[in-house]
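Reader: In the chain, where is confidence highest? Please take that part and look at it closely, along with whatever surrounds it.

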Amino acid sequence: YTVDQGRLLDRDSQHSADDNLELARKALGRLVETGDRSSIEHLIAVLNQSSQADRVLLAALNAFSPKPEGWLDLLSRRAEGPEDSATNALKLLSELQDSADIDQWVPVAIAQCERSETAVRLAVSNALEKADSLALVGLNCIETLLNDRSEQVRTAALEALAEVGDRDGPT
């Protein structure tokens with residue numbers, strides 16, 4: 001295998017791009033399993049060069065425990081990026097369930113509320129649902145999403161509203 005402009009290629013060209021992506025995922029998974037945190041800096045550097053590898057690189061970084069330093073800030077910046085980056089970042093942000101983290105990422109999600117991409121608005125709804133009552137500051141955003149042109153976004157916003165009103169805090 002060779003690397004060409006950040007892409008893993010089979011020398012014999014027998015593997016498709018999907019096969020190469022799967023090989024890269026497996027290699028990154030093995031790297032994370034070693035627990036060698038020195039690779040974090042390099043993964044972030046590659047991530048900052050291109051948004052094309054967001055899903056794979058963010059998944060690898062997300063597998064580290066504890067999370068990399070500045071993880072929440074990194075995801076917050078990615079949430080402002082292109083559609084795929086934003087949806088992936090919002091999903092990962094919503095997995096951060098410490099109330100202090102939620103207090104930081106809810107405004108990031110709210111800021112993406114009126115994006116033109118349906119997938120991003122759906123990710124915002126899903127994230128706010130996971131924030132439970134800590135998403136109260138996002139009620140205006142949820143109200144906007146309840147009137148979205150996408151039925152899927154409207155449904156997710158309704159579920160988020162139910163969660164905001166249902167609980168005293170995150171589970």
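Author: The answer starts with the model as a whole and then turns to the part asked about.

This is a predicted model, in which local features need a pLDDT of at least 70 and side-chain atom pairs count only at pLDDT 80 or more, while totals for chains, interfaces and linings use all residues. Residues are numbered from 1 along each chain as its sequence is written, and side-chain values use heavy atoms, with hydrogens and water left out.

The pLDDT (the predictor's confidence in each residue, from 0 to 100) averages 86 over the chain, and 85% of the residues score at least 70. Helix α7, residues 118-130, has the highest confidence, with a mean of 97. Strand β1, residues 2-4, has the lowest, at 48. Where pLDDT is low, the predicted coordinates should not be read in detail.

The chain has nine helices and two strands; these are DSSP runs, helices being H or I of at least four residues and strands E of at least two, numbered from the N terminus.

α7 has 13 residues and spans 19 Å from its first C-alpha to its last, close to the 18 Å expected at 1.5 Å a residue. The expected span is 1.5 Å times one less than the number of residues in the helix. After α7 comes D132, which has a positive phi near 55 degrees.

Much of the detail concerns burial. A residue is buried under 20% relative accessible area, exposed over 50% and partly exposed in between, with a 1.4 Å probe and protein chains only. Of the 171 residues of the chain, 40% count as buried. In α7 the buried residues are V120, R121, L122, A123, V124, S125, A127 and L128. They pack against α5 (83-94), α6 (99-111), α8 and α9; a contact means heavy atoms within 4.5 Å.

R121 forms a salt bridge with D148, with the closest N and O atoms 2.4 Å apart; the term requires a side-chain nitrogen of Lys or Arg within 4 Å of a carboxyl oxygen of Asp or Glu. The pair links distant parts of the chain, as R121 is in helix α7 and D148 in the loop between α8 (139-146) and α9 (151-166), 27 residues apart. R121 counts as buried at 3% relative accessibility, and D148 does at 9%. Side chains of opposite charge can pair when their charged atoms come close.

The search of the whole structure finds four salt bridges. Among them is that of E117 and R115, at 3.0 Å from N to O, and R115 is buried, with a relative accessible area of 16%. Another joins D54 and R78 at 2.4 Å, N to O. D54 lies in helix α3 (54-62) and R78 in helix α4 (71-78), so this pair ties together parts 24 residues apart in sequence. D54 and R78 are buried as well.

The structure also holds one disulfide, defined as a pair of cysteine sulfur atoms within 2.5 Å. C113 and C141 form it, with their sulfur atoms 2.5 Å apart. C113 lies in the loop between α6 and α7 and C141 in helix α8, 28 residues apart. The link is right-handed, with 110 degrees about the S-S bond, and both cysteines are buried.
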